[in-house]
Amino acid sequence: MKKTFDELKLTGNLPSPAGVGMKILTLTQKEDFSADDIAKTIQTDPALTGRIIKMANSAAAAGVKVITNVNDAVVRLGARTVRNVALGFSLISAYRQGGCKTFDYQGYWSESLARAVACQTISARKRMGAPSDAYICGLLSGIGRLALACVHPQAYADVLARTTPTTSDLELAGIEHQAFEMDHRELGAAMLRDWHLPDPYAHAIETFAGNPADDPANSDRVSSMLRLLLRVSSAIARLLIGDASNRPALWPQVEVWAKEVQMSTQEFVATCDQIAREWQDWGKTLAIRTSKVDPFTDIAARAAEVSQQAVEQVACTADSAASDDDSDSTPATVDPAIEPLTILAIDDDPVCLKLLLTHLKRTGHTLISAQNGKAGLQAALEHGPHVIITDWMMPEMDGLELVKQIRRIELGKDIHILMLTGREEEDRVVEAFEAGVDDVVTKPFNPRILLSRVSSGERIVRLREQVSTDRRKMEDQVAELAILNRRLNNSSNTDVLTQVANRRYGVAELEDQWNKTQSLAVIMLDLDHFKLVNDTHGHDAGDQVLREAAKVLSANVRKSDTVCRMGGEEFMVILPDATPDEARTVAERLRTALAAHVIRHGSFEGHITASLGVAVRQQGMEHSAALYKAADEAVYASKQTGRNRVSFAA
Amino acid sequence: MDPKTDSSPDLDGVVDAETIESLKSLCDPGDLTLFHDLIDTFLSDSPARLEAAQAAVAAGDAEGMERAAHGLKSSSANMGALGLASLCKQIEMLGRGGQVAGAAELVARSRSEFERVRAVFLRLRG
């Protein structure tokens, strides 16, 4: 996965925090950063400042003094948490929209936000870890999906076309694997590690969608806790983001989690109410879409009534959601060359603003307006206009300050900005250009000159779009190449007949694990009387036996283990971080599973057994080959003592 | 004198005929809604700015005076009230120079000029 991740990173398309988020990330890569450095960096971004302060207050227990500045927020939350929160928020601002046509970016953030507040709320109520840690883990829990949409916009649209609203995370991961040789859970975890977020975060988001029965045995306490929080939260989030009419039908799937987090039904219902409120509240702060939610007592009551019709309703909602998607994607298919631009006009003088809008209306572009710099900045963040026309002298925030702020954010770098200047400001025009203005028009403006300036701006915007489309196409090709590489790589590592790892990979992996961990075990395994099957029933039957044996082995090892076919009827299982007892348990499980499995092919019908040898890394072993050899000798011992058994290396 | 002035309603020389023509030409033929809308906006918006300028003079607040005058200057220029715009510009300049005292008389003249402008616009509004 490390190699795959590096390839993707090279495409330059993986989501990465913008502006201040990136600065904070770099700043905190060093071990000796100070809380003061962080506070100073955050303060350069007013929107982020507000959000961090809100975070500090909402994560606090009731009755604690309300925080009003960044420095106090950093003290209360801790520098590392503030860094993580800043990272998450700056991702939201940078990835509100994107190139994957069927990926619902707004919906994605709405769901992530619901998970975040649910994690935070439950964590705070049940004292499960630090609430702000839980928040950020929830917010980034699906980041791999966003990443796939960014890196493979076209291919990911095809993947999404094969899903329905009821497709689970796990099923989605399966489809992703077919298309990309990896899934969003692995990718998300790799990204979190790349950003130096705590390892338990990465571990939790990689595993929470899986079946609890498959949870890795070696999870630490924090990861397990975060994983549980993510499971509860994603169930609650699915209910919140869905259609209001469908919520009662989803309630039973949510309610089952109450006992897992040790809550009475009553407490759980109250918690869900609080989560819904926090979700709407945070939605306002972060400009993320949320929806109205009825009290959960009502939802639970209706759930009891509708449980009979639940099945039908799910089917209906799925249909309507699908048709909504269709209508959403239609405008995106319009040729970008004729799509109107969005122009934001900002002037505090209503007469001037009205005139401006009247003239601009003739251009056929989409218009938005604001009456002062502050509102203008808000509107720019919300709508991401192509062109901004702004007055200079305005109350609250003047045009110059507005332009500086806009140029500081990622989204604002490509906006074409025209500034209206009075005669008295003529000698300060240089200042305006230095702040980042592209063009100036003197007031009172001549309509014809203004409009031709707008259309020259339009030409620049279109050109820039063309350049970035070309770049995106190139990046797509690089990403395609990466998929192809992974396929080739996988096939050179895969045994063609059984689809498990081949000898080449097995030997390399054993060496890798040898260098990584002291507690390493190996199981060697040889199918009994295989030659007899080949000789009596033909090679087709023999091949089928190998295929099914490989499948049985893969299904019965731990998630962290690797099964490889070493050649002929010989297999090896590598078990990282396994105690001798664990290795013995796995080996015994493999033996019984194989013996119990009935194989039918042509004239052949019967069981197949295997002789197994287990070896665990010992103090005196000098290299991985010694471990391999010890296991191999144990197989021989099993053969000698009657087959269908497990022997331990001496 | 500009020949257009003769064919226009009496503008009393306080509102520029050419500007009025260009504002009207923005409207769809036979529908002066937009033009009337602009007049209404100007007439309802300006008194507050005059008040603000007056209050700033009384308080000795040069910056407030400059800001109020700047706003009124650009909207009156847009509406063709050139005399008013020029008075406002002088106030703005005084404000920028920190000279509040000398502006009292200019503000008073702006107020009476605005009354004349208002009368003309109300007539145009019909």
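Leaving aside neighbours within four places in sequence, A:Asp439 is in contact (heavy atoms within 4.5 Å) with A:His416, A:Ile417, A:Leu418, A:Met419, A:Phe433 and A:Arg453. The model is a predicted one, in which local features need pLDDT of at least 70 and side-chain atom pairs count only at pLDDT 80 or more, while totals for chains, interfaces and linings use all residues. Residues are numbered from 1 along each chain as its sequence is written, chains are lettered from A and ligands numbered from 1 in the order in which they are written, and side-chain values use heavy atoms, with hydrogens and water left out.

A:Asp439 belongs to strand 5 (residues 439-442) of chain A, where helices (H or I, at least four residues) and strands (E, at least two) are DSSP runs numbered from the N terminus. With a relative accessibility of 15%, A:Asp439 counts as buried, the classes being buried under 20% relative accessible area, exposed over 50% and partly exposed in between (1.4 Å probe, protein chains only).

Chain A contains 28 helices and 12 strands, and 51% of its 650 residues count as buried. Among contacts in chain A between residues at least 6 apart in sequence, 66% join residues at least 24 apart. Chain B, by comparison, has six helices and zero strands, its elements running α-α-α-α-α-α from the N terminus on. Of the 126 residues of chain B, 48% count as buried, and among its contacts between residues at least 6 apart in sequence, 65% join residues at least 24 apart.

Helix 25 (residues 530-537) of chain A has A:Phe530, A:Val533 and A:Asn534 as its buried residues. Seen down the helix axis, these buried residues fall within an arc of 95°, so they line one face of helix 25 of chain A; the arc is that of the directions from the helix axis to the C-beta atoms. An α-helix has 3.6 residues a turn, so residues three or four places apart point the same way. The face of helix 25 turned away from the buried side carries the exposed residues A:Lys531, A:Leu532, A:Asp535 and A:Thr536. The cover over the buried residues of helix 25 includes strand 6 (520-527), helix 26 (539-556) and strand 10 (604-607) of chain A. Just after helix 25, A:Gly538 takes a positive phi of about 95°.

Two further helical positions in chain A were examined. A:Ala631, in helix 28 (residues 624-640), counts as buried at 0% relative accessibility. Apart from neighbours within four places in sequence, A:Ala631 is in contact with A:Val522, A:Met524, A:Gly613 and A:Ala615; of these, A:Gly613 is 18 residues apart from A:Ala631 in sequence, with a C-alpha to C-alpha separation of 4.9 Å. A:Leu250, which lies in helix 15 (residues 247-255), is buried with a relative accessible area of 16%. Beyond its neighbours within four places in sequence, A:Leu250 is in contact with A:Arg238 and A:Leu239, and its C-alpha atom is separated by 9.0 Å from that of A:Ile236, 14 residues apart along the chain.

The loop between helix 28 and strand 12 (646-648) of chain A includes A:Arg643, a residue other than glycine with a positive phi near 65°. A:Arg643 is partly exposed, with a relative accessible area of 32%. A:Asn644 is also placed in the loop between helix 28 and strand 12; its phi is near 45°, again a positive value in a residue other than glycine, and its relative accessible area of 27% makes A:Asn644 partly exposed.

The contact between the chains takes 21 residues from chain B and 15 residues from chain A. The area buried between chain B and chain A is about 1700 Å², of which carbon and sulfur atoms give 64%, buried area being the accessible area (1.4 Å probe) that two parts lose on being put together, summed over both. In chain B, B:Leu26, B:His70 and B:Asn78 lose the most area to chain A, together 32% of what that side buries.

Three cavities of 30 Å³ or more were counted, a cavity being a set of points, on a 1 Å grid over the protein atoms alone, where a 1.4 Å probe fits but cannot get out, with lining residues having an atom within 4 Å of a point. The largest cavity has a volume of about 50 Å³, a volume being the space filled by probe spheres set on the points, which are joined across faces, edges and corners. Its lining consists of B:Arg49, B:Leu50, B:Ala53, B:Ala68, B:Ala69, B:Leu72, B:Cys88, B:Ile91 and B:Ser110, and the elements giving two or more residues to this lining are helix 3 (33-59), helix 4 (62-78) and helix 5 (82-96) of chain B.

Note on methods
On a 1 Å grid over the protein atoms alone, a cavity is a set of points where a 1.4 Å probe fits but cannot get out, and a pocket is an open set with protein on both sides within 12 Å along at least five of seven lines; lining residues have an atom within 4 Å of a point.
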